[in-house]
Amino acid sequence: MERTARPTTADASAPTPPPGPPPADVPDVSGLLNGVPRQGSRRPPPPPAKARPRPQRLLPTPTGTPFTFAYAAVLATTSYVAAHADSTLVRSLQQASSTDVAHLLREPVRVLVASALWVAGGIASPFVVGFLLVLTALERRVGGVRTAGVFLLGHALATLATEVPIGLAVLVGHLPDSSLHRLDYGISFGVAASTGALAGLLTPWLRWPLLAVFGGMLVQDLIAFTDPMTNWGHLIALAIGVGTWPWVRRWGRAAAA
């Protein structure tokens with residue numbers, strides 16, 4: 001009596017799949033454990049590398065901050081002239097650029113511009129360092145044209161705020177007529193206004209120490225009472241810069257977008 005072989009599930013005639021990686025449309029599950037979820041998920045990307053500090057960005061460059069760079073070159077030239085030219089010639093040039101009451105009454109625009117081409121105290125003035133650092137930082141955030149606008153706004157308004165009272169005091173007889181020709185020039189009002197404007201773009205832990213340190217220096221100068229009108233002008237210019245915060249912040253957001 002013959003027995004018939006029953007068919008099995010694994011027929012010897014069925015082809016065996018070749019070894020190798022799975023097809024492209026089938027995920028590779030080799031090496032994964034059953035019942036453990038999310039084994040095939042991708043690893044999160046590594047955190048971005050921290051940007052290295054670049055100290056060279058603190059100073060003006062021809063391409064990055066053209067306004068500050070060109071203005072610094074002009075100030076370097078006039079400071080060289082003031083240090084090496086004949087003292088009588090230098091005195092005459094600075095007097096012609098002075099924003100005293102007499103000049104402001106005759107040709108206000110010319111002397112407001114010309115007075116900002118000289119550095120009171122020469123290239124060793126601390127305002128030179130402030131000019132380079134503050135205007136460079138401000139221009140990198142809001143652009144050259146707007147930085148020039150903030151500088152000139154503080155320079156012009158603080159000059160008028162200090163010279164107009166002198167003219168009125170002479171008019172009523174509280175000051176002599178010689179006060180109308182008081183020598184007044186320099187970049188300090190513009191630097192003070194730019195410092196106040198820049199503070200509005202910084203984080204609070206930088207903003208308030210900057211205002212406290214710079215404002216404290218200006219108050220100390222005022223208490224010393226060596227040049228009260230100029231010292232008041234510095235504080236006024238700083239307040240003007242703080243008053244520009246709504247505009248500079250909007251400009252900063254637009255430049256970063």
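**Close-ups of a predicted model**

**View 1. The largest pocket takes up about 690 Å³.** This is a predicted model, in which local features need pLDDT of at least 70, side-chain atom pairs count only at pLDDT 80 or more, and totals for chains, interfaces and linings use all residues. Residues are numbered from 1 along each chain as its sequence is written, and side-chain values use heavy atoms, with hydrogens and water left out. A pocket here is an open set of points on a 1 Å grid over the protein atoms alone, where a 1.4 Å probe fits and protein lies on both sides within 12 Å along at least five of seven lines; lining residues have an atom within 4 Å of a point. Points are joined across faces, edges and corners, and the volume is the space filled by probe spheres set on them. Look for 23 lining residues, with Gly130, Leu133, Val134, Leu198 and Leu210 nearest the centre. The largest share, 10 residues, comes from α5. By class, the lining has 16 nonpolar, 3 polar and 4 charged residues (nonpolar: Ala, Val, Leu, Ile, Met, Phe, Trp, Tyr, Cys and Pro; charged: Asp, Glu, Lys and Arg; polar: the others, Gly among them).

**View 2. The second largest pocket holds about 280 Å³ of space.** Its lining counts 20 residues, and Ala120, Asp184, Tyr185, Ser188 and Thr230 sit nearest the centre. At least two lining residues each come from α6, α7 and α9 (228-243), with α9 giving the largest share, 3 residues. Sorted by class, this lining has 7 nonpolar, 10 polar and 3 charged residues.

**View 3. Arginine 182 pairs with two aspartates.** A salt bridge means a side-chain nitrogen of Lys or Arg within 4 Å of a carboxyl oxygen of Asp or Glu, and the count comes to 4. Arginine 182 bridges to aspartate 184, closest N and O atoms 3.8 Å apart, and to aspartate 227 at 3.4 Å, N to O. Aspartate 227 lies in the loop between α8 and α9 and arginine 182 in the loop between α6 and α7, so this pair ties together parts 45 residues apart in sequence. Shared partners join Glu163, Arg182, Asp184 and Asp227 into one salt-bridge network. Both aspartate 184 and arginine 182 are buried, while aspartate 227 is partly exposed at 30% relative accessibility (buried is under 20% relative accessible area, exposed over 50%, partly exposed in between; 1.4 Å probe, protein chains only).

**View 4. Arginine 110 meets glutamate 107 in a salt bridge.** The closest N and O atoms are 3.0 Å apart. Arginine 110 is partly exposed at 38%, and so is glutamate 107 at 31%.

**View 5. Threonine 159 is buried in helix α6.** The threonine 159 side chain reaches the backbone oxygen of histidine 155 at 2.6 Å. Not counting residues up to four places away in sequence, threonine 159 touches Thr99, Leu104, Leu112, Gly154, Asp184 and Phe189 (contact: heavy atoms within 4.5 Å).

**View 6. Serine 179 sits in the loop between α6 (144-171) and α7 (188-199).** Serine 179 is buried, at 14% relative accessible area. Neighbours within four places in sequence aside, serine 179 is in contact with Ile166 and Val170.

Terms used: Helices (H or I, at least four residues) and strands (E, at least two) are DSSP runs, numbered from the N terminus. A polar contact is a pair of N or O atoms within 3.5 Å; within protein, one must be able to donate a hydrogen and the other to accept it, and residues adjacent in sequence count only if both atoms are side-chain atoms.
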